Amino acid sequence: MTGRPAAAVLPPPLRVWLGLIAAFAALVVAVLGIRYADEGEPGMVDARIQAAVDGVGPPWRYVALAADSLGEPVGAATLVVATVTGCLLLRRPRAAVFIVAGVGMTVATATLLKHLVGRTIHGGYLSYPSGHTAFATALALAVAMLATRRRDRDRDGLGPGRTAGTLLVLAAALVAGAAMGWAQVALGAHYPTDALGGWCTALAVIPATAWLVDRTADRLADAGRRERR
């Protein structure tokens with residue numbers, strides 16, 4: 001029966017912390033969405049950050065364009081397929097399902113929020129939250145969670161396993177979200193608060209999706225065992 005905990009995609013030591021972070025992130029997404037609903041201009045914070053970041057020239061513009069391409073359909077699909085292939089090669093089908101479901105739910109949520117909030121940039125393009133930032137953060141967060149679960153040996157959820165795991169997951173999400181968010185602002189595709197909203201969208205959706213995947217997979221496994229009896 002040792003295979004069940006090892007198969008989980010949501011590391012047991014991280015469940016409480018990621019749950020709290022997800023709840024706070026969802027609150028941030030909602031507050032920002034209400035604040036900037038139906039607006040088409042940058043806020044005070046947006047304007048100050050944009051003044052320092054927007055319109056970067058070479059070579060940083062090329063870096064921003066490269067990062068942006070990873071969030072476009074072809075680049076995003078390539079990253080997801082590569083990650084799912086790695087999970088399958090490691091014989092972790094639940095992890096593969098989690099990657100697809102987590103990233104898919106995050107992007108779908110960001111897209112839905114864009115239409116609900118109605119914030120625009122450049123005269124009509126829906127901007128809040130940033131889908132590129134949400135995607136990059138979601139993929140990095142999901143991979144970090146899987147890596148943490150694979151290395152975790154603290155079955156009781158106590159001690160350094162929880163602290164180190166939480167820091168690893170948050171660091172991965174921060175680096176990926178900051179990099180993609182910077183690229184979007186530098187290219188003028190999003191306001192800084194759009195990037196923050198995309199980052200928080202991933203932080204809210206990925207832990208919830210992981211919990212749902214684990215619950216569903218465990219129930220299916222239990223049903224299968226009962227049938228074999």
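Reader: Where does Leu 20 lie, and what makes that element a helix?

Author: Leu 20 lies in helix α2, residues 15–35. A helix here is a DSSP run of H or I with at least four residues, a strand is a run of E with at least two, and both are numbered from the N terminus. The model is predicted: local features need pLDDT of at least 70, side-chain atom pairs count only at pLDDT 80 or more, and totals for chains, interfaces and linings use all residues. Residues are numbered from 1 along each chain as its sequence is written, and side-chain values use heavy atoms, with hydrogens and water left out.

Reader: What makes Val 16, Trp 17 and Leu 20 a patch?

Author: They form a nonpolar surface patch of about 330 Å². Patch residues have over 30% relative accessible area and no salt bridge; nonpolar side chains (Val, Leu, Ile, Met, Phe, Trp, Tyr) are joined within 5 Å, like charges within 9 Å. Areas come from the Shrake-Rupley method with a 1.4 Å probe, and for residues only the protein chains shown count as cover.

Reader: Why is the contact of Arg 94 with Asp 214 called a salt bridge?

Author: The rule asks for a side-chain nitrogen of Lys or Arg within 4 Å of a carboxyl oxygen of Asp or Glu. The closest N and O atoms of Arg 94 and Asp 214 are 2.9 Å apart, so the pair meets the rule. Arg 94 lies in helix α6 (residues 93–117) and Asp 214 in helix α9, so the pair ties together parts that are 120 residues apart in sequence.

Reader: What does Arg 119 pair with?

Author: Arg 119 forms a salt bridge with Asp 194, the closest N and O atoms being 2.9 Å apart. Arg 119 lies in the loop between α6 and β1 (120–121) and Asp 194 in helix α9, so the pair ties together parts 75 residues apart in sequence. Salt bridges that share partners join Asp 46, Arg 119 and Asp 194 into one network. Both Arg 119 and Asp 194 are buried.

Reader: How many salt bridges does the rule give?

Author: The count comes to 5.

Key
Buried < 20%, exposed > 50% of the residue type's maximum accessible area, 1.4 Å probe, protein only.
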